[in-house]
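Please look through the sequence and the model below before reading on. The report then takes up the chain as a whole and some of its details.

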Amino acid sequence: MHDEGESPHAAAAPDPAPSSSGWLTEVGQLARAVKRLFGAQMQLLAAELGLARSAVSLMLLAGLAATVAGVGLGLSLLGLLGLLLATWFESWIWALLALALLQVVFLFGSILLFRRCMHWMSLPATRSEWSAMMRETLRKAEAGDAAGPGGGQDTPGEDRS
């Protein structure tokens, strides 16, 4: 187990203080590990940005597909309603006139709703809130430009008034 001339206490004793070259080796290993870590973080960021870019394209494509499907569903339901009206009125002409009247009513209701929303936007309280929001946004943008790149970012809960 142990050499005859070596005491058990000497065998269990730690090595003397490491030399300065060992310390430099550890610092070098630490630097390489940090470099690998940040390299991996940059690769992850690049992958996430690529994924986000493709996700935006897919979202736009899905929105277009949903719009096409919605229009197709609406046309199918209008056709079915026309068929039901034709059997009820026993005339395709009256059924199509009833559908046209129904669509005119929906169009008129949509126009009225749009006008009501525009009226709400023109109310004094809404105008003042809209103006204040635009002024705040403009002030933040100007402060960000004046601070330079990376500066001018608000911290949560910070009020610059």
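The following sections go from the whole chain to single residues.

## The chain as a whole

This is a predicted model, and its protein chain contains four helices and zero strands. Read from the N terminus on, the elements follow one another in the order α-α-α-α.

Of the 161 residues in the protein chain, 4% are buried. The chain exposes about 14,000 Å², and 70% of that area is supplied by carbon and sulfur atoms. Among the contacts in the chain with a separation of 6 or more, 3% are accounted for by residues 24 or more positions apart.

## From helix H2 to helix H3

Helix H2 covers residues 20-89 and helix H3 covers residues 92-122, and the loop between them holds Glu 90. The phi angle of Glu 90 is near 60°, which is a positive value in a residue other than glycine. Is Glu 90 buried or exposed? Glu 90 counts as exposed, because its relative accessibility is 70% and the cut-off for exposed residues is over 50%.

Phe 89, in turn, has its place in helix H2. With a relative accessibility of 37%, Phe 89 counts as partly exposed, since that value falls between the limit for buried residues, under 20%, and the limit for exposed ones, over 50%. When its neighbours within four places in sequence are left aside, Phe 89 is in contact with Trp 94, Ala 95 and Ala 98.

## How helices H3 and H4 meet

Two packed helices are described by the angle between their axes and by the distance between those axes. For H3 and helix H4, which spans residues 124-147, the packing angle is about 70° and the axes lie 5 Å apart. The two helices H3 and H4 are therefore roughly perpendicular to each other, because angles of 65 to 115 degrees are counted in that way.

Which residues bring H3 and H4 together? From H3 come Trp 120, Met 121 and Ser 122, and they meet Pro 124, Thr 126, Arg 127 and Trp 130 in H4.

## A salt bridge within helix H4

The structure holds one salt bridge, and this link is formed by Glu 136 with Arg 139, whose closest N and O atoms are 2.6 Å apart. Both Glu 136 and Arg 139 lie in helix H4, where they are three residues apart, which is about one turn of the helix.

How accessible are the two partners, Glu 136 and Arg 139? Glu 136 counts as partly exposed, because its relative accessibility is 25%, and Arg 139 is also partly exposed, because its relative accessible area is 37%.

Key
Residues numbered from 1 in each chain as written. Predicted model: local features only at pLDDT ≥ 70, side-chain atom pairs only at ≥ 80, totals over all residues. Heavy atoms only, no water. Buried < 20%, exposed > 50% of the residue type's maximum accessible area, 1.4 Å probe, protein only. Axes fitted to C-alpha atoms, helices over the stretch in contact; angles between N-to-C directions. Parallel < 35°, antiparallel > 145°, perpendicular 65-115°, else oblique. Contact = heavy atoms within 4.5 Å. Areas by Shrake-Rupley, 256 points an atom, 1.4 Å probe, with all protein chains shown as cover. Salt bridge = Lys/Arg side-chain N within 4 Å of Asp/Glu carboxyl O.
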